[in-house]
Structures are given as C-alpha cells and as structure tokens.
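Dear colleague,

Please find the structure below for your records. My notes on what was found in it follow directly after.

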Amino acid sequence: MGSLIPFQDLNLLPESSSLATMAASTSTTTPIAMKIPKLEPKLEPFEEALETTPPPHNLQQLRELEEPQDPFFSTPNPIPNPISNSQLTPFTDQTLTPLSQNSTISTDENNVYSEFHRISELFKTAFAKGLQQYGGDVLVPDPDARAIVPVPEENQVSAAVIVARKRIPRSSELVRVTNLGVEDERYFRSVVRRTRMIFDALRVLSTAEEEKKHGVGNVKRLRGDLRASSVMRDRGLWLNRDKRIVGSIPGVYIGDLFFFRMELCVVGLHGQVQAGIDYVPASQSSNGEPIATSVIVSGGYEDDEDAGDVIIYTGHGGQDKFNKQCVHQKLEGGNLALERSMHYGIEVRVIRGIKFPGSITTKVYVYDGLYRIMDCWFDVGKSGFGVYKYKLVRIEGQAEMGSSILRFAAALRAKPLTMRPVGYLSLDISLQKESLPVLLFNDIDSEQEPLYYDYLPRTVFPPFAFHQSGNGTGCECTTSCADDCFCAMKNGGEFAYDHNGILLRGKPVVFECGPFCRCPPQCRNRVSQNGLKSRLEVFRSRETGWGVRSLDLIHAGAFICEYAGVVLTREQAHIISMNGDNLVYPHRFSDRWAEWGELSQIYSDYVRPSYPPMPPLDFAIDVSKMRNVACYMTHSSTPNVLVQFVLYDHNNLMFPHLMLFAMENIPPLRELSLDYGVAEEWTPKQLSICN
DNA sequence: GTTTCGTCACACAT
DNA sequence: CATGTGTGACGAAA
C-alpha cells in the first residue's frame, strides 16, 4: 500500500509541472489540429435523411413519393452489398511512423512507487521512455506522422463482409470507412437497425421465456443481454468483427442510445464488456504498437472531468474492487494505446454512460461522436495515486452531442418556456384529452394549423363495428392476468407485452384486455389503451411541414400513441375521397410489425406470426377534421415507429386500432417517422430497384 | 492453443 | 432509493 500523496503538493512538483506546461505549450504553439486532415462528417444525420419526405397528412404528395423500401426487409433473401464507391481504408504500415524494429511496450516494473519524489521519476521515465522508444521526439512528435496517408486504389478493401455468417474472432486489421454514399448509409443503417432489433428481441424473449418457465419473480439474475449477445455471437451476427474500425461506425448515428454494454459490442461501437478503453493490442498491431479506438466515459473514475466538448479522461487500472484508486496506474494496455492514438492523431469514438433513472436499466449509453486526444500527462489523482490523464477534444463539424440533447430535453420537460422562450404555440393541443400534454412548436413561420382541429385521442369506430362482434367476452382474472388466461389464449397463449409494457413481437393483431375483462386497468395486457407515456411535441419543419418528436426517451418496443381518426367504410371513403380529403388507408401501412421480433437469422424454421389471422382491412380513417398527434408524423422508409393493430374495446377483426410502437430506442427530440407504405403503382419500380 | 486475469456490468438484496 | 455483492463474459496477456 503506497503512502498517500497530497494532491496540492504534486502540482508544485517541478518535473510534473514543467512537463505539463511544455506539453500544453506544444499543443498551442504548433497547431496540431490544423495538420490533421479535417474529418468530414460522413454520416448523414437522421433528420436530414428525412428531408425530402412529404408531410404525412398530405397524402397526394405521399402517393407521388418515389422512395424504395428498405431493401433488407422487402426481399426474402439478403441482397448483395450495394457498396460501389465506398472504401475501407486500411492502415498500412506506412501510415504509421516508422519505428525501431526492436521497440517494445514499456511495462516498467518500477511503475509503483511509494515515495512521493519517486512519482516524478516514474513520470519522467515511463513517459519519456514510452515516447522516445518509438523514435519520436518526446514532446513534439513529427507532425507529418499524424497525417493518415491516402491509400492507393489497389489496396482498398470491399466492405461486403460486414455481416458474417458464422462466429468470427476479432480482427486486428485497422481500417477507416470513408466516402459512403447515400445508398451505402441507408444500407448500413438498415443492417444496424436489424441487428439491434434481433438483439432486443432475443433479450426480451429470453426473459419472457424464463418467466414462463419458472414463474414471475422466481427468475434468478437473468441476463437477457448476455443471452442475446451470446446467441448472436455464435451465429456470427456481431457487426464489424472482421475489421477494426477507426472513426465512425457505418450505420451508427451520433445520439444513438444503448442500454447495454453488450449491445455496444454487438454493433462494434465498443468491444470491451466492462473496460472503458477499447484498443488493438500491441501484439496484433501491424507495427507492434497498441492503438485505441473508443472510450466510454461512465463516471467510474473520480479524476475524470467532463465538460462536453473537452474531456479529461483518466486511464484505467490501479483500482480496487470498490473503484477506489489504490495503486499507481501504468503506461500499458489501454493507457498506452490512448497515448499512441494521440501520437498518430487517430480519433476515438466517445460513448457516454449517463445515469438514467426510470429506464429499464439504470444507465443509458450515448454515442457522442469522435474526439481527438490532444494532450496526455501523468498526474496524481484525488486519492493520491498516480493516474494517466488524457485531454479529449471533440472534432468540430459533427452533429450535436446526444448527451447534451438528453440534458436539454430534461430541462425542456421541466421548463419549456424558459428553455424555448419563442415558438411554443400551445403547451397542450389535446386540451387534456391525452394523459400527457402534447406541445405545439413553431419557430419558423406563422403556421398554426394543428391548433384548429378537434383533438381526437382515440379512433372513432362506427357503431356496427361493436354490434357485429362477440364483444361480451373477456377474461375473469381479478388480480393479474397470467399466461393461461382467456385473453392470453386469444393471443395464441402468450401476451404480446413484457412486464415493462414493451411489445415483444409484432403480430397480425394483438388482443388487449378490455371493458369485458375483470382485470384492473393496471393489467399488463392493457398497454396501448392507457394513453401516452411520453411527452410528444408537434413541430414545424422547413423540410417536412410538420413533424413529431418526443421530449422523453422512448424505449424500443414501447407504446407511443394511437393513430386516431374517424373510421369510414369503403363506401363512405369513396364518396369523401372525391372531395380530395385526407384519408388514411390502414392496409397501406407497410407491415413493419413483422420486423419487430423477426428472428429468421437465428432460427432457420422461423415463420412470421400469422396468428391471430387478420382479414384484409377495408376501411379508411378520416383525419381531415378530427385527428391526434400521430398524423403529423413524417414518412420514412427506415422508420423508427411501427403500426401494430390492436383490439380491446370490441372483438371485430375488421376494425382494429392502429397503435404505434417504437422500433428503436428513440432519443428525445429526434423526429418520429412512420412507413406509410407506397402506393401500389410503385411496386414494379420498387422491385427493379431491389433486384 | 490454452489458461489466467482484470474489467467505467448488471441484477437483485437490503 | 442509494449502496453492497454475486455472477458473469469478454478481450488481452501470459
């Protein structure tokens, strides 16, 4: 056990302060950032992807919309990788500075000191040694070494093997993905979306299975996340295992949210289950040096300082079981890798772990984009032990940080008018008809349209829809519904939701408990009939007219709202549509429910749920005079919201409710989008695109 | 190839 | 509801 070193004394230490000063002056006198090729933002922000889509309530435009469906799902077999001009840039040996052939990583046995003055020795030797051994100048590495040399055409590798077919070990080949076209982006996004849907489906289903087997509450420490990732690893469904990507991961956007570390591994954003620094180890690196690729800022180290764009990040190691520093850190492993990444000007992905009460887990992980390591020094931490510190500075020109959006949204929920003094036209256009307020925001023009319609929280069905059905049947459960209850039977012997109200798997139709059941309103099988769970906001957008976003984070699979309007029969619709009114045809919505919980890549005998069977829907929804928030959602072919048909207040299969559920973890203030489907006349063209 | 080790998880108990 | 603690699975190193 080393003796405690007073924090303030170390700052006075000549060696440390001089070196720190020199390091600091280095970064100011030589404009390092200028010499690094500026990183163009490669990923198109989600909002921009929606730019050309028309407002959903303008159905005429919608029909004219020519947008191919997500090719991944619309064809039965995986399509060939559409990548044409994109490339993976290998980091060849030439891209890194030449080393002396015999250099090794410094793992100085004397790293642990108990005497105060010896810390400075450690600092000098470990650091200077670490740098000098690699042939560079101790404090001013060759600026040219920071440039990533463009790779000649013949060395470029195709990206076709992003999705593997069997379990693959982790590669050590460092690449950076560049020049992705719009189609490439769309493709990779769909791969990531699909992968994450499989992960979530496996995770919630394994929990549900265990509960079924052992009974609710008797399940011991079930780790659905571990189960899901393990199954997916065995099937080779982890992404980006064949290349170690420096920089952005294709298909992962800044602001994307994750609730499990394992999920970060599955998409390849961060490959360490618990460790905060991910890197290519020296033994696998082409030049024998470790290179860091991503870090997680999770608040686990007391010496971290997080100012958003600038992070003082603490290296790993030196902690006891209670996350207390107890020995000095060493310049090895991830610590050395970060230092080497700084030396070569290699950017790192930053993921923040943020405490998030009220979620399914206590923490949420946000991808915050790329940072450059600008500085690195040895310091004494608050507990008096030596720690390595790294100054990470966010690269400019990237989309806004997800973590700051989370923070802003939290403030907005509490004080909307303080945070946005201008633009709110209404703090609740539903006039308390919804369980939570629906805000209306326009800071672009004077349009106020949503104010002028009657707000209709639930769809109005014609009376005969109730009469035609055997609506007097319900379950007899008095406390809580179980898997053997009448309503569970109607759903094929299982409930559609888990105990958090998450939709487990999309179905042709979901039967919820209703007014004819004896169970209480809190019953787990009444998810979509109890109103909003997240605060929604209709907002004016230059690109799409109106759009909808949430002030709350929405979990994947969570209920959002109903798509409400007045139901018209085919005959009524025919008459009304001649006047050019706004009608929505439920049968035209793409069957996105089938993607939710789709596991054909896991089970070869997987078939899309066909029970309970649904007849073709033959009605329209009139949203011209009465509507709710849903009809302001924009269209997308990679939507984050799906339509699930639900019955609860009657059993008439001809007239289900259109309930909207989240297909992804939707960050607050990200635009919600629905696949309204494309008109039939587009089908041939669509096929030609897919083939 | 195999084993050991450490880790900014997670879930549940208290 | 914060803190404690047991089980865990991965990649890296030996």
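Which atom of glutamine 274 lies 2.9 Å from a sugar or linking oxygen of DNA strand B? In this predicted model, the atom concerned is a backbone N or O atom of glutamine 274.

A backbone N or O atom of glycine 276 lies 2.8 Å from a phosphate oxygen of DNA strand B. For glycine 300, a backbone N or O atom is placed 2.8 Å from a base oxygen of DNA strand B. Strand S6 (291–297), strand S8 (310–314) and strand S10 (363–380) are the elements that give two or more residues to the surface near DNA strand B.

Taken as a whole, the surroundings of DNA strand B comprise 25 residues, and the closest are Arg261, Gly276, Ser298, Gly300 and Tyr301. Of the atoms of DNA strand B that come within 4 Å of the protein, 61% belong to sugar and phosphate. By residue class, this surface divides into 10 nonpolar, 8 polar and 7 charged residues.

Two of the strands named above, S6 and S10, also pair with strand S9. S6 and S9 run parallel and are joined by 4 bridges; here valine 297 stands opposite arginine 352 in S9. S9 and S10 pair in the antiparallel sense over 7 bridges, and valine 364 in S10 is the bridge partner of isoleucine 354.

Why is strand S9 described as largely enclosed by the rest of the structure? The description applies because 6 of the 8 residues of S9 (residues 348–355) are buried.

Yours sincerely

Conventions
Residues numbered from 1 in each chain as written. Chains lettered and ligands numbered in written order. Predicted model: local features only at pLDDT ≥ 70, side-chain atom pairs only at ≥ 80, totals over all residues. Heavy atoms only, no water. Near = heavy atom within 4 Å. Polar contact = N/O pair within 3.5 Å; in protein donor to acceptor, adjacent residues only side chain to side chain. Nonpolar A, V, L, I, M, F, W, Y, C, P; charged D, E, K, R; others polar. Buried < 20%, exposed > 50% of the residue type's maximum accessible area, 1.4 Å probe, protein only. Pairing = 2+ DSSP bridges.
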